[in-house]
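I'll start with the whole chain and then pick out one residue.

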Amino acid sequence: MRFKEIIGQKELIHKLIAMANGGRISHTQLFVGPEGSGNLALAIAFAQYVNCLTPSVDDSCGECLSCIKFDKLIHPDLHFTIPTISPIKKSNELAEDWREEFLKNPYLNEFEWLNSLDNKANKQGNITAEECRDIIHRLALTSYEAKFKTQIIWQPELLVKEGNILLKLLEEPPVGTLIIMVGSNTEKILPTILSRAQTIKVPKLKDEEISEALIVLHQCDYQKASDIARLSDGNYNFALSLLQTDHDGYFERYSTWMRCCFSGKMDELQKWVDEMVDTGREYVKNFMGYTSQMMRAAFIYKYGDQKLLRVNTTELAFISKFSAFINGDNLSEILKTLDDSVIQAERNANVKILFLNLSLYIGTQLKRVPKQA
Ligand SMILES: [Zn+2]
């Protein structure tokens with residue numbers, strides 16, 4: 001992974017290169033950024049850069065022996081510890097699956113990774129104590145050939161009690177070692193781990209960065225790329241997913257849905273839900289993301305700075321009326337329920353039942369507000 005393959009993040013890349021070239025490489029780092037920001041891809045590109053045999057001032061060379069192996073994630077001194085599902089395999093036993101999934105989409109999230117492992121029981125990912133001991137053992141051995149033997153730990157949020165096993169190592173890694181943890185939420189990471197790492201904050205992507213990538217890398221036309229970028233809210237992984245599903249019909253579906261929720265007409269709702277079931281799980285998840293955005297937009301329209309709205313004119317016309325039914329109380333309840341529904345959809349819940357329940361719930365929430373329109 002070279003820096004030039006990273007979407008956006010130019011400012012941060014500049015800082016990372018300056019850090020590497022200034023010889024100020026902290027041996028325990030934490031790259032932290034929201035899903036779809038490219039935190040993992042950046043961590044790997046950084047590790048490749050510091051290990052490149054002939055780096056230039058702005059990127060790894062992509063041609064030396066180290067780069068060739070890093071590009072394919074097959075360097076013998078590059079190690080990954082990633083979430084796995086007990087009791088199946090450990091990270092190093094899943095190395096081949098991991099390479100394949102990461103190289104397919106360097107912006108993937110934990111859920112997509114676990115699903116690729118045939119996670120039928122929808123178990124939660126975990127980093128076990130045994131994995132932690134493996135890391136210590138591995139890093140105690142001398143490196144084969146790299147300048148920095150590199151250990152990447154993806155999702156340090158999962159290190160709960162087991163994380164304490166690593167404290168001494170994180171505090172003082174063996175000479176010539178680079179440990180990079182990659183996570184998204186510092187509040188969920190053990191304070192004892194946080195305090196031992198240098199934190200590199202990875203910001204969420206800008207709309208222009210996402211739309212440019214969609215145009216250049218996916219031959220998307222300008223309007224579609226802008227629409228997707230706006231909907232994806234800085235999450236490139238979500239943008240890719242939107243690109244694969246036809247999001248053109250979202251607004252129609254959304255506005256019809258809200259009318260059904262509000263009117264409570266069951267026959268119309270049934271018809272809407274049946275059409276939704278036919279769209280498939282990916283579409284459903286993305287549609288829920290879109291719904292959350294429209295709900296937030298209605299709230300901003302009513303209470304916030306309307307200049308911050310990221311909607312088109314058709315959406316704006318709808319929201320200007322719909323916002324009468326949204327307030328701080330029901331917005332947070334609805335958003336929480338939508339988030340839960342996305343998780344349930346990912347876990348193969350019955351889409352029909354999910355939407356029927358959700359519709360009745362949203363209907364009730366919308367009526368909590370006196371009509372003002
Ligand atoms: Zn190189």
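This is a predicted model: local features need pLDDT of at least 70, side-chain atom pairs count only at pLDDT 80 or more; totals for chains, interfaces and linings use all residues.

Before anything else, a note on terms: the domain bounds I use here come from an automatic or database domain assignment. Domain 1 covers 3-204 and domain 2 covers 245-366.

Next, the overall make-up. I find 17 helices and five strands in the protein. Along the principal axes, the C-alpha atoms fill a box of roughly 70 × 45 × 35 Å.

Then I checked the radius of gyration. A compact globule with 373 residues would come out near 21 Å, and the protein has 23 Å, so the two agree.

I also looked at burial and contacts. Of the 373 residues, 37% are buried. Taking contacts between residues at least 6 apart in sequence, I see that 75% join residues at least 24 apart.

Where is S91 placed? I found S91 in the loop between β2 (78-81) and α4 (95-104).

Is S91 buried or exposed? S91 counts as buried, because it has 21 C-beta neighbours inside 10 Å and the cut-off is 20 or more.

Leaving out residues up to four places away in sequence, I listed what S91 touches: F80, T81, I82, T84 and E131.

Last entry: I looked up S91 against D71. The pair is 20 residues apart in sequence, and their C-alpha atoms are 19 Å apart in space.

Key: Residues are numbered from 1 along each chain as its sequence is written. Helices (H or I, at least four residues) and strands (E, at least two) are DSSP runs, numbered from the N terminus. The radius of gyration is taken over C-alpha atoms; the globule rule is 2.2 Å times the number of residues to the power 0.38. A residue is buried if 20 or more other C-beta atoms lie within 10 Å of its own, exposed if 12 or fewer, and partly exposed in between; C-beta atoms are placed from the backbone. Two residues are in contact if their C-beta atoms, placed from the backbone, lie within 7 Å.
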